[in-house]
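Dear colleague,

I am passing on the structure below and would be glad if you could look it over.

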Amino acid sequence: MGVLVLWACAGLTWTATGQTPTKPRSAPEPAVKAAAILKILPFVQWPTNTFAASNSTFVMIVLDAPEVAAQLQKVAAEQKIGEHPIQVRRQMPDSWQDVQLIYVGRDYRRGLAGVPEAVRRSPILLVGEQPGFARSGGTINLLLTAESSQIEICREAASRVGIRFSSHLASLRAIQWIDETKVQ
Amino acid sequence: MSISTPSPAQVAKRKIRPVVLGVVALFRAFQAQASDATDLSQLSLEELLEVKVESVTAASKRSQLTTDAPASITVVDREQIQHLGYQTLADVLRGVRGFYVSYDRNYSYLGTRGFSRPGDYNSRVLFLVNGQRINDGLTEGALIGNEFVLDVDLIERVEIVRGPGSAMYGSSAFFGVINVITREPGSFRAGEASFEGGSPGYYKGRISLGHRWDNEVEFLLSGTLMNRDGWDSLYYPEFDSPPGSNGRAIGLDHEEAQNALGRVAWKGLSLEFGYVNRFKQLPTAPYESIFGDPRNETTDMQAYGRIRLEHQLENEIELVANLAINQNDYDGRYAYSDAGPAFPGVPVLEYDNSRARWIGEELLVRREFWERVTLTGGFEGRQNVQQDQFTFSKDPQFNTLSDTRSSSLWGAYAQSDWKVIEPVTLSLGGRYDQYSLGPESWNPRFAGIWQALPGTTLKAIYGTAFRAPNAYETYYTDGNNTQKTNPDLKPESIQTYELALEQQLGKHFRLSLSAYRFQAEDLINQIVDPSDNLLVYRNVDQARGQGVEAELDARFGNGWRARLGYAGQSAEDRQASVSLSNSPRHIVQGQLIVPLWTDRLTAGIEGRYLSHRHAGNDIPSDPQFVANLTLFSYQWVSGLELSASVYNLFDRQYSDPTGSELTQRLLQQDGRTFRIKLSYAF
């Protein structure tokens with residue numbers, strides 16, 4: 001009987017192999033956050049001269065969010081953003097010249113205040129994951145809980161450094177746009 | 001022509017070959033699955049935000065990642081409930097590693113870590129619905145079969161938090177906390193109707209309405225009717241002699257239930273109620289009642305309501321205020337051929353009733369300090385305004401028990417989650433409880449959580465818990481006919497040490513390993529007093545247990561999911577050094593969800609193995625292996641779901657140990673049954 005069960009399992013598994021992907025209903029939080037970042041980036045319009053070349057590296061700094069960094073690193077090995085290969089680092093660099101995104105983990109002790117003012121005036125996306133982040137100078141805030149998930153984007157914080165978002169992103173209901181008037 | 005007898009080696013080879021081929025096929029399927037790189041990257045941004053983040057709220061009364069929680073956690077979600085054809089909360093818990101359920105044709109009794117005592121109405125596990133305690137005010141237990149307060153179709157996920165939880169929750173969180181989260185009103189289009197039918201004579205209908213408006217007002221209203229005719233004939237050899245009916249209980253397995261759930265919410269304010277009324281005939285003749293008498297029956301009603309306010313102050317202080325009321329009514333009827341000493345030889349129908357109502361209030365405050373420390377503190381009060389028990393007869397008229405009483409308790413708790421250095425978090429918590437009926441209790445919990453590497457989490461946990469003696473154990477008697485009181489009961493206590501490892505293995509696999517050891521004192525157990533042959537609850541036992549639990553979770557981008565769990569455990573009476581009754585040494589559980597045709601048709605296969613258990617007097621049950629199969633399809637027509645399930649697929653015979661209120665020491669369980677279910681979202 002045990003052999004029959006095993007065969008049934010094997011057969012069903014074999015049958016399932018290669019079927020059309022389904023939509024997962026639940027996933028680890030870092031995986032969802034990493035996927036969300038990579039979904040948003042194609043809709044970001046960077047100022048000219050942001051990249052030295054059309055195929056230069058897209059650099060992400062992930063501060064105190066090792067699980068998110070690990071997820072991004074897995075994807076980085078397989079994907080590009082446009083023509084740009086992805087590099088994920090976990091520490092503040094000496095030079096910000098080549099950095100395009102800083103992810104501020106909820107455990108990053110100094111929060112947004114720990115990001116140098118010069119960086120906050122550079123065309124760098126500041127992505128966070130705690131309430132109020134997009135209202136206090138951050139650009140994108142990923143608020144994911146078991147109960148509900150939403151993404152906040154402060155258009156003004158982005159435009160101050162020359163970053164814009166495509167109109168397609170603006171049409172998505174999943175995004176909550178934070179008005180300049182609400183920025184404290 | 002000659003006929004040669006195969007050698008033993010050849011026989012063994014023939015037996016092994018199909019197994020090897022099956023394993024190879026499975027391995028190849030795994031390889032093929034592992035090579036796909038789909039997962040979340042295939043979803044649109046909006047679809048991505050519909051994916052539920054795997055987190056848990058029951059461990060620390062706040063939402064946190066399962067890897068951050070100071071406990072070993074399992075979460076069962078709605079997808080698993082649907083695809084595996086679960087019908088009750090008991091079915092859900094049967095599939096969770098280390099858990100097992102015994103059924104006595106009236107109630108379902110949960111066991112975990114090798115511990116499931118006779119006469120315990122699940123009072124050593126705390127049950128919550130959306131964070132709200134639903135254990136009753138009389139037995140301090142909760143019912144988990146068709147008598148559970150929620151229709152299983154309304155469950156979004158079930159959080160299982162293992163180990164002592166008294167540091168946050170007080171009494172009853174002895175072996176764990178189980179939090180049942182209901183579906184969000186916004187998850188309904190406008191409504192949903194479902195009908196299911198099956199064997200034996202089973203049908204259930206449900207209609208639910210739910211909506212969430214743009215102004216964040218949401219509501220959910222749902223009602224369910226269930227009927228199960230039960231088996232026409234059940235055979236019990238213990239009654240296969242005159243004056244019984246040849247051991248056959250004919251047409252005595254009927255069950256019916258009605259459920260309702262309502263919820264209205266606006267931002268942080270919510271109002272919720274739940275209701276269940278369940279009737280069950282008793283074919284087993286408990287408490288020495290007349291076997292085969294159709295008047296033996298129980299009716300259980302539970303209703304709860306609560307108002308909850310969650311508010312975030314500007315200084316990032318989070319406040320939660322909760323006011324709840326819970327009512328449990330129990331009406332049992334038992335037929336006897338002899339009314340006892342007052343009316344010797346006179347047949348009687350005995351009414352065994354209880355009314356339990358409590359009102360509870362809780363205030364919780366949480367604040368984060370220096371972005372390193374999360375401090376949670378709270379106060380909880382509960383007034384058992386009614387803990388009444390009655391046993392009487394109308395003809396002839398007499399009362400054997402009329403016990404009306406009330407009691408109260410309060411508790412204060414605090415927990416600090418302190419990120420000491422980047423990968424290490426210390427969770428320190430404790431709670432003080434004071435009961436009007438008994439002594440005080442103080443219970444700490446310490447946990448060290450080390451995110452050793454990305455994807456690797458190690459946890460070391462120590463905690464204690466207690467369970468106060470409940471009013472039923474303390475004050476119930478049927479006039480010293482079969483059971484007597486014991487007002488001198490003391491609280492039970494337990495201390496537990498646990499080590500846990502959670503390891504992500506590549507993209508698709510996750511491994512959970514834990515090893516634990518517990519020591520329980522003053523356990524309350526129902527025994528027969530040899531001096532008068534009456535049942536009585538006493539602090540007679542000290543138990544110790546140890547075990548290991550392992551679980552491998554697999555999830556692939558094309559909807560393929562699998563879970564394989566193992567628990568090896570040893571729980572024994574410390575004084576006698578003998579294994580506890582109803583305590584299996586080994587439990588193996590496996591679930592497999594396989595898409596057969598895109599994601600519109602899946603097969604859900606579940607297998608469960610329990611090694612033998614003994615029923616308290618060295619009568620062992622046979623090891624049991626039960627398999628279930630569910631085919632589930634949806635969206636062939638917009639909003640339509642259809643499922644077909646076969647339970648106990650191979651029609652295996654198996655038995656569960658019972659409590660001392662039954663003459664039968666082992667009770668045979670259902671053979672093969674089926675269910676077909678249709679659900680339509682409108």
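**Confidence in chain A**

In chain A of this predicted model, the mean pLDDT is lowest, among the elements of the chain, in helix α1 (residues 2-16), at 50, and highest in strand β7 (residues 125-128), at 93. Over residues 12-22 of chain A the pLDDT falls below 50, although this stretch still has 39 contacts in the model beyond near neighbours in sequence. Where pLDDT is low, predicted coordinates should not be read in detail. For chain A the mean pLDDT is 77, with 78% of residues reaching 70 or more.

**Chain A in outline**

Six helices and eleven strands are found in chain A, and of its 184 residues 49% are buried. Of the contacts in this chain between residues at least 6 apart in sequence, 61% join residues at least 24 apart. Its accessible surface comes to about 8,800 Å², and carbon and sulfur atoms account for 49% of that area.

One residue of chain A that I looked at is Arg155(A), which is placed in helix α5 (residues 155-159) of chain A and counts as partly exposed, at 40% relative accessibility. Leaving aside neighbours within four places in sequence, Arg155(A) is in contact with Trp177(A) and Ile178(A); the C-alpha atoms of Arg155(A) and Ile178(A) are 6.9 Å apart, while the two residues are separated by 23 residues in sequence.

Over all chains, the search of the whole structure finds 58 salt bridges. In one of them the side chains of Arg124(B) and Glu492(B) meet at 2.5 Å, N to O. This pair links distant parts of the chain, 368 residues apart, with Arg124(B) in the loop between β6 (108-112) and β7 (126-129) of chain B and Glu492(B) in strand β27 (residues 492-505) of chain B. Both Arg124(B) and Glu492(B) are buried.

Arg544(B) is partly exposed, with a relative accessible area of 31%, whereas Glu572(B), at 19%, counts as buried.

A further salt bridge joins Arg563(B) and Asp553(B), whose closest N and O atoms are 3.3 Å apart. Because Arg563(B) lies in β30 and Asp553(B) in β29 of chain B, this pair ties together parts that are ten residues apart in sequence. Arg563(B) is buried at 9% relative accessibility, and Asp553(B) is buried at 13%.

Elsewhere, a network of salt bridges links several residues of chain B, including Asp151(B), Arg183(B), Glu192(B), Arg206(B) and Lys677(B).

**A buried glutamate and a nonpolar patch**

Glu380(B) is placed in strand β21 (residues 373-394) of chain B and counts as buried, at 10% relative accessibility.

On the surface, Leu505(B), Val548(B), Leu552(B), Leu564(B), Tyr566(B), Val588(B) and Tyr609(B) form a nonpolar patch, with about 530 Å² of accessible area together. Strands β29 (534-555) and β30 (561-573) of chain B each supply at least two residues of this patch. Leu552(B), in strand β29 of chain B, is partly exposed, with a relative accessible area of 32%.

With best regards

Notes
Residues are numbered from 1 along each chain as its sequence is written. Chains are lettered from A and ligands numbered from 1 in the order in which they are written. This is a predicted model: local features need pLDDT of at least 70, side-chain atom pairs count only at pLDDT 80 or more; totals for chains, interfaces and linings use all residues. Side-chain values use heavy atoms; hydrogens and water are left out. pLDDT is the predictor's confidence in each residue, from 0 to 100. Helices (H or I, at least four residues) and strands (E, at least two) are DSSP runs, numbered from the N terminus. Contact means heavy atoms within 4.5 Å. Patches are made of residues with over 30% relative accessible area and no salt bridge: like charges are joined within 9 Å, nonpolar side chains (Val, Leu, Ile, Met, Phe, Trp, Tyr) within 5 Å. Accessible areas come from the Shrake-Rupley method with a 1.4 Å probe; for residues, only the protein chains shown count as cover. A salt bridge is a side-chain nitrogen of Lys or Arg within 4 Å of a carboxyl oxygen of Asp or Glu. Buried means under 20% relative accessible area, exposed over 50%, partly exposed in between (1.4 Å probe, protein chains only).
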